[in-house]
Amino acid sequence: MNEISLVGWFHTIAGTLAIFIGIYLISKFKVISSKPNLGTIYLILTTITAATSLMIFNNGVFNLEHLLGFFALLGVFLGLLFEHKEFFGLSKYFQAICYTGTMLCHLIPGISEVFTRFPPSQPIANSIFDPILLVSFGIFFLIFLITVFLQLRHLKTVSYTHLRAHETREDRGW
């Protein structure tokens, strides 16, 4: 088992916090937004996690985790763009897809690291291609699709300005 570097620990802690905050935001507000302070913290932690993932080379080569880090950065950037600019009345939907996609980009490498490192004496999985991980990836992707479907259905019934006003009101409570 490879030892975790200082950057690796920072990356792991930021990513773990981001996952819990993202789950909380989706469960409370139905979508992730930068409007509540916690949403801003989520996006900052996601950016830190994605950026630091690009600095970690366990095998000395660019790999799936790096690609997901790049996609997470792209999701944050596009999500912010869609959150602040309106495009043909579809921005709220694209924002939800982008920000929820960043959660998927956290969960896939997160479960990979846990399953290939623990328990230390005999990890659950030997590689990211281990069947248990492939099933886990599929389950996470299915959860992502269901979550996005429910978000899009929710957003269709809520006006965007009402959603933003509600989140801003909640923001004052933080």
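1. A residue is called buried when its relative accessible area is under 20%, exposed when the value is over 50%, and partly exposed in between. Lys30 has a relative accessible area of 41%, and is therefore partly exposed. The model discussed in this note is a predicted one.

2. The overall architecture may be considered next. The protein contains six helices and zero strands, and its pattern along the sequence reads α-α-α-α-α-α. Of the 174 residues in the protein, 42% are buried. The exposed surface comes to about 9,900 Å², and 73% of that area is supplied by carbon and sulfur atoms. Among contacts between residues at least 6 apart in sequence, 65% join residues at least 24 apart.

3. Helix 1 covers residues 6-29. This helix has 24 residues, and the distance from its first C-alpha to its last is 34 Å, close to the expected 34 Å at 1.5 Å a residue. Its buried residues are Gly8, His11, Ala14, Gly15, Ala18, Ile19, Ile21, Gly22, Leu25, Ile26 and Phe29. An α-helix has 3.6 residues a turn, so residues three or four places apart point the same way.

4. The largest nonpolar core has 15 residues. Those with the most contacts inside this core are Ile21, Leu25, Ile32, Tyr42, Leu43, Leu45 and Met103. Helix 1, helix 2 (37-53) and helix 4 are the elements that give two or more residues to this core. The largest share, seven residues, comes from helix 1. Leu45 touches Ala14, Leu17, Ala18 and Ile21, when residues up to four places away in sequence are not counted. A second, separate core of 14 residues includes Ala72, Leu104, Phe140 and Phe144.

5. Helix 5 spans residues 131-157 and has 27 residues. From its first C-alpha to its last it reaches 40 Å, close to the 39 Å expected at 1.5 Å a residue. The residues Leu133, Ser136, Phe137, Phe140, Phe144, Thr147, Val148, Gln151 and Leu155 are buried in helix 5.

6. Most residues other than glycine have a negative phi, and most peptide bonds are trans. Ser34 is found in the loop between helix 1 and helix 2 as well. Is Ser34 buried or exposed? With a relative accessible area of 14%, Ser34 is buried, because this value is under 20%. Leaving aside residues up to four places away in sequence, Ser34 touches Gly39, Thr40, Leu43, Leu80, Glu83, His84 and Tyr99.

7. Two further backbone features deserve attention. Phe88 lies in the loop between helix 3 (64-84) and helix 4, and has a positive phi of about 55° although it is not a glycine. Its relative accessibility is 78%, so Phe88 counts as exposed, the value being over 50%. The peptide bond from Phe118 to Pro119 is cis, with omega near -10°. Pro119 belongs to the loop between helix 4 and helix 5.

8. Which side chains meet in a salt bridge? The pair is Glu113 and Arg117, with a distance of 2.7 Å from N to O. Side chains of opposite charge can pair when their charged atoms come close. Glu113 and Arg117 both lie in helix 4 (residues 91-117), four residues apart, which is about one turn of the helix. Glu113 is partly exposed at 27% relative accessible area, whereas Arg117 counts as buried at 10%. The count for the structure comes to one salt bridge.

9. The final point concerns cysteines. A disulfide is a covalent bond between the sulfur atoms of two cysteines. How many disulfides does a search of the whole structure find? The search finds zero disulfides. Cys98 counts as buried at 14% relative accessibility, and Cys105 is buried with a relative accessible area of 12%.

Definitions and conventions:
Residues numbered from 1 in each chain as written. Predicted model: local features only at pLDDT ≥ 70, side-chain atom pairs only at ≥ 80, totals over all residues. Heavy atoms only, no water. Disulfide = S-S within 2.5 Å. Buried < 20%, exposed > 50% of the residue type's maximum accessible area, 1.4 Å probe, protein only. Salt bridge = Lys/Arg side-chain N within 4 Å of Asp/Glu carboxyl O. Core = buried A, V, L, I, M, F, W, Y, C linked by side-chain atoms within 4.5 Å. Contact = heavy atoms within 4.5 Å. Expected span 1.5 Å × (residues − 1). Areas by Shrake-Rupley, 256 points an atom, 1.4 Å probe, with all protein chains shown as cover.
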